[in-house]
Amino acid sequence: MTGWEAVFRFLLAAAAVWRVTHLLACEDGPWDIFARLRRRLGRSALGGLMDCFQCLSIWIAAPFALVLHPTPAEFVLVWLAISGAACLLERARPEPVLIERLSSGKGDPPDGLLR
């Protein structure tokens, strides 16, 4: 494997780990399946894991690192590096924009416009 191919595989793995981790920890998923799973797990150890992007990314990164580098010494380094890259991608993401109704002090306007 050439140097550029190794870099490409690492970046691809980091993006995939970010995507899967973000889906499980931050999104509702199709038919709200992941939101319902997080609610069902509640305050258990697995529930805490599902609410923590950094914690979850470590476990999501493990199989990707095993595919890239199956030898034990390289596996541990690549495992932590992929998880770290996914965490950096998560921090680089801008905060979501929330739109809220502003009250005029006299209640909401009758036409329901956002201001």
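The expected span of a helix is 1.5 Å times one less than its number of residues. Keep that rule at hand for one of the exercises below, and remember throughout that this is a predicted model.

**Exercise 1. Get the overall picture.**
Task: Find how many helices and strands the protein has, and how its elements run from the N terminus on.

Solution. 
- Start with the count: there are 5 helices and 0 strands.
- Next, read the order from the N terminus, which is α-α-α-α-α.
- Then turn to burial: 26% of the 115 residues count as buried.
- Finish with the contacts. Among those between residues at least 6 apart in sequence, 50% join residues at least 24 apart.

**Exercise 2. Check the length of H5.**
Task: Work out what span the 21 residues of H5 should have, and compare it with the distance between the end C-alpha atoms.

Solution. 
- Helix H5 covers residues 72-92.
- Apply the opening rule: at 1.5 Å a residue, the 21 residues of H5 should span 30 Å.
- Now take the model itself, where the end C-alpha atoms of H5 are 30 Å apart, so the expectation and the model agree.

**Exercise 3. Find the buried side of H5.**
Task: Which residues of H5 are buried, and which helices do they pack against?

Solution. 
- List the buried residues of H5: Phe75, Val78, Trp79, Ile82, Ser83, Ala85, Ala86, Cys87 and Glu90.
- Look for their partners: these buried residues pack against H1 and helix H4 (53-68).
- Pick out Glu90, a member of helix H5. Its relative accessible area is 13%, and buried means under 20%, so Glu90 belongs in the buried class.
- Set aside the neighbours within four places in sequence, and Glu90 is in contact with Trp18, His22, Cys26 and Phe53.
- Glu90 also has a charged partner: its side chain meets that of Arg93 in a salt bridge (2.9 Å, N to O).
- Compare the two ends of that bridge. Glu90 is buried at 13% relative accessibility, while Arg93 is partly exposed at 31%.

**Exercise 4. Examine two further salt bridges.**
Task: The structure has 4 salt bridges. Where do the partners Asp28 and Arg38 sit in the chain? How do Glu27 and Arg19 classify by relative accessibility?

Solution. 
- Take Glu27 and Arg19 to begin with: their side chains form a salt bridge at 2.7 Å, N to O.
- Glu27 has 22% relative accessibility and counts as partly exposed. Arg19, at 37%, also counts as partly exposed.
- Move on to Asp28 and Arg38, whose side chains meet in a salt bridge at 3.8 Å, N to O.
- This pair links distant parts of the chain: Asp28 is in the loop between H1 and helix H2 (33-41), Arg38 is in helix H2, and the two are 10 residues apart.
- Classify both ends: Asp28 is partly exposed at 42% relative accessibility, whereas Arg38 is buried at 15%.

**Exercise 5. Look at the cysteines and a surface patch.**
Task: How many disulfides does the structure hold, and which residues form a nonpolar patch on the surface?

Solution. 
- The structure holds 0 disulfides. Cys26 is in none; the nearest cysteine sulfur, that of Cys52, is 9.9 Å away. A disulfide needs two cysteine sulfur atoms within 2.5 Å.
- Cys26 counts as partly exposed, with 39% relative accessibility. Cys55 counts as partly exposed too, with 35%.
- For the patch, the residues are Trp4, Val7 and Leu11, with about 380 Å² of accessible area together.
- Leu11 belongs to helix H1 (residues 3-26). Its relative accessibility is 51%, so Leu11 counts as exposed.

Definitions and conventions:
Residues numbered from 1 in each chain as written. Predicted model: local features only at pLDDT ≥ 70, side-chain atom pairs only at ≥ 80, totals over all residues. Heavy atoms only, no water. Patch = residues over 30% accessible without salt bridge, like charges linked within 9 Å, V, L, I, M, F, W, Y side chains within 5 Å. Areas by Shrake-Rupley, 256 points an atom, 1.4 Å probe, with all protein chains shown as cover. Helix = DSSP H or I, 4+ residues; strand = E, 2+ residues; numbered from the N terminus. Buried < 20%, exposed > 50% of the residue type's maximum accessible area, 1.4 Å probe, protein only. Contact = heavy atoms within 4.5 Å.
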